[in-house]
Amino acid sequence: MCGIFGYAGPDVNPEILIEGIKRLEYRGYDSWGLCVASKDRLSLLRRVGRIGGVDATALMLGQKGAAQAGIAHTRWATHGAPTEGNAHPQVDCSGRIAVIHNGIIENQAALRSTLESKGHRFSSETDTEVIPHLIEEFLATEPDFSAAFLAALKLLVGAYGIAAVWAGEPDCVHVARLGSPIVLGVGKNRTLVASDPAPLVAHTRDVIYLDDGEAAILHGDGFETRTLEGAPVSKRVQQIAFSLPDIERGGFPHFMLKEISEQPESIHNAFRGRIVRAEGTAKLGGVDLALLRKAKRCHIVACGTSWNAGMIGKYLLENLARIPTQVTFGAEFRYSHPVIEPDTLVIAISQSGETADTLAGIREAKLQGAETIGICNVVGSTIARECGKGIYIHAGPEIGVASTKAFTSQLVVLSLLAVHMGRMRGLSLRAGLLYLDALEKLPDQARQLLDKKDGIAAIAHRYAGFNNFLYVGRLYEYPTALEGALKLKEISYIHAEGVQAAEMKHGPFALIEPGVPVVLLAAQAEIRDKMMGNAHEIAARQGRIIAVAQEGDEEIAKLAADVIFIPKTLDPLVPILEVIPLQLFAYYVAVARGCDVDKPRNLAKSVTVE
Ligand code: F6R
């Protein structure tokens, strides 16, 4: 949530800063701003709405050539409405200190009133504004800006990723991290900072991930890293694994469609090199065998789409590996007093690896002595690092706010984990091989589904005017129903509810009236007849069925107004294929309704506040 970009180097200009935050726009996009520092002067620009070139260049023209450092921010509002006044950077009374911030300062009210009593004048409703005023206050007593910066941070309670510039030292950017990600980019004659590596790759592939409790001073010709107490720390330079084309739209109208279309490759990448045919199992380098062997139960912690993947993971682990598994929302984990026994394995699932609630869950689990593993996409992300062990899903950068390819890759990895843990607990070689064979067929089967996208677009157009949808499914298709409904609601703003099919009779059936669209997920062989029963019950009440069924199931097709067939696979793997038409359906409905598919209202890609 909120994107931070900063640049120290002699060639800094507003275009570079705008380009940087545009690559972070998926983190928050209600307002934006930037600040360029030159000798004894800061030039500031703040705007509401999507990031544009607008008047930035003209406004900053006077700075060109002279500027030596700059910071820019794209905001997802927490404190205060999205207005120009609340956009970042926020400044002190003198207008010589500018700060951008991602996170929440929980004690801002107390700090603000103390500062006001000392004569500081506030001009925004943000929690962030206390930071430049605090630094201003300490600048009067501390020996230099860096000391004033660290002294101010000591008073903050909450979470932050911060970048600051000061007119008195215009060639530096000061940054710090506590709970919100900060990555440095080490380039030639420039040092950069961002809240994730995406905007850095245009300048350098050498990065340094700051840990919580660390700060840095960036100059054009280098950087210094230190703790928040001011002690020097040396950090490892790492290489970003992706390149510029990976984070561009590549001819697709939206990132979401690009990412849906990438699934044959991303599914493949999730199991590539991990299948051990001779033993009917998987090789998962990031987790040691002893850890998986000794686990008596698993506890999955995740949010949103990753939580839906976790629910499917629960069925997979219980079915294939016979390990009792519980799934908890990240935000509930800490407060629900989870029972963590010495042999409980806690698994965090997170595309971004930065979701604050999931991270808080993992920290709680570690506090209670649990072994933790992460299933993450973003390499080097906080959850991946804090778990210590884990399995990367290798889906490549996911930029559309609605998660698509990360979901299917999470499911592939969870399937591999279940086969692997299953083989340690009595799953036969033959059964292991059956799953591995079925996994290997998925990329081609996903391709077949993508070939149907025009047909799915035609169905979506017929339903784009409806305002309520039900998605129903059982067993593996119940979390798939939740995920299908989530995709539709988040990008098209249509009310959609995922329901366990048998639960329809216990309440939701009251919602069925003639013409109500019901997406009926009926592609699992084992419970197909039960779903047929549901189809009859819905049809009897004139609900309008959009069925997703196994190829050749003409009986279900007869009861449905529309049907999408998916290729045959094993029941536990059905969601990996079935979700693809659901993603496409949501996408085309949203496009037909004129919604901003990649940046749905009120949402952000990386939810770094609790
Ligand atoms: C929905 C979506 C969100 C995320 C959730 C967790 O399409 O993207 O529900 O799944 O915010 O994010 P990660 O997986 O990054 O922890």
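Good morning, everyone. Before I start, please keep in mind that what we are looking at is a predicted model, and that the values I mention were computed from it.

Let me begin with the ligand. Where does the ligand sit? The space that the ligand takes up is the largest pocket, and the shell around the ligand consists of 14 residues, of which the closest are Ser306, Ser350, Ser352, Thr355 and Glu490. If you sort that shell by class, you find eight polar residues, four nonpolar ones and two charged ones.

Next, please look at the oxygen atoms of the ligand. In the side chain of Thr355, an N or O atom is 2.4 Å from an oxygen atom of the ligand, while a polar side-chain atom of Ser352 lies 2.7 Å from a ligand oxygen. With Thr305 the backbone is involved, where an N or O atom lies 3.0 Å from an oxygen atom of the ligand. As for how much of the ligand is covered, the ligand taken alone exposes 410 Å², and the protein buries 90% of that.

Which elements give two or more residues to this shell? They are helix H9, which covers residues 304-321, and helix H16, which covers residues 477-492. Of the elements, H9 gives the most, with three residues.

As a general idea, rolling a probe the size of a water molecule over the atoms shows where empty space is left. When the whole structure is searched, three cavities of 30 Å³ or more are found.

The largest cavity has a volume of about 90 Å³, and among the 13 residues that line this cavity, the closest to its centre are Cys2, Trp76, Thr78, His88 and Gly103. Strand S6, residues 97-105, gives the most to that lining, with three residues. By class, the lining of the largest cavity has three nonpolar, eight polar and two charged residues.

The second largest cavity holds about 40 Å³ of space, and its lining includes Leu291, Lys294, Pro342, Asp343 and Glu371. Helix H8, residues 289-294, and strand S19, residues 344-350, each supply at least two residues of that lining. How do the lining residues of the second largest cavity divide? There are four nonpolar residues, one polar residue and three charged residues.

That is where I will stop, and I am happy to go back to any part of the picture. Thank you.

Methods. Residues numbered from 1 in each chain as written. Predicted model: local features only at pLDDT ≥ 70, side-chain atom pairs only at ≥ 80, totals over all residues. Heavy atoms only, no water. Near = heavy atom within 4 Å. Polar contact = N/O pair within 3.5 Å; in protein donor to acceptor, adjacent residues only side chain to side chain. Areas by Shrake-Rupley, 256 points an atom, 1.4 Å probe, with all protein chains shown as cover. 1 Å grid on protein atoms, 1.4 Å probe; cavity = no way out; pocket = protein on both sides within 12 Å on 5 of 7 lines; lining within 4 Å. Sits in = over half its atoms within 2 Å of the grid points. Helix = DSSP H or I, 4+ residues; strand = E, 2+ residues; numbered from the N terminus. Nonpolar A, V, L, I, M, F, W, Y, C, P; charged D, E, K, R; others polar. Points joined across faces, edges and corners; volume = space filled by probe spheres on them.
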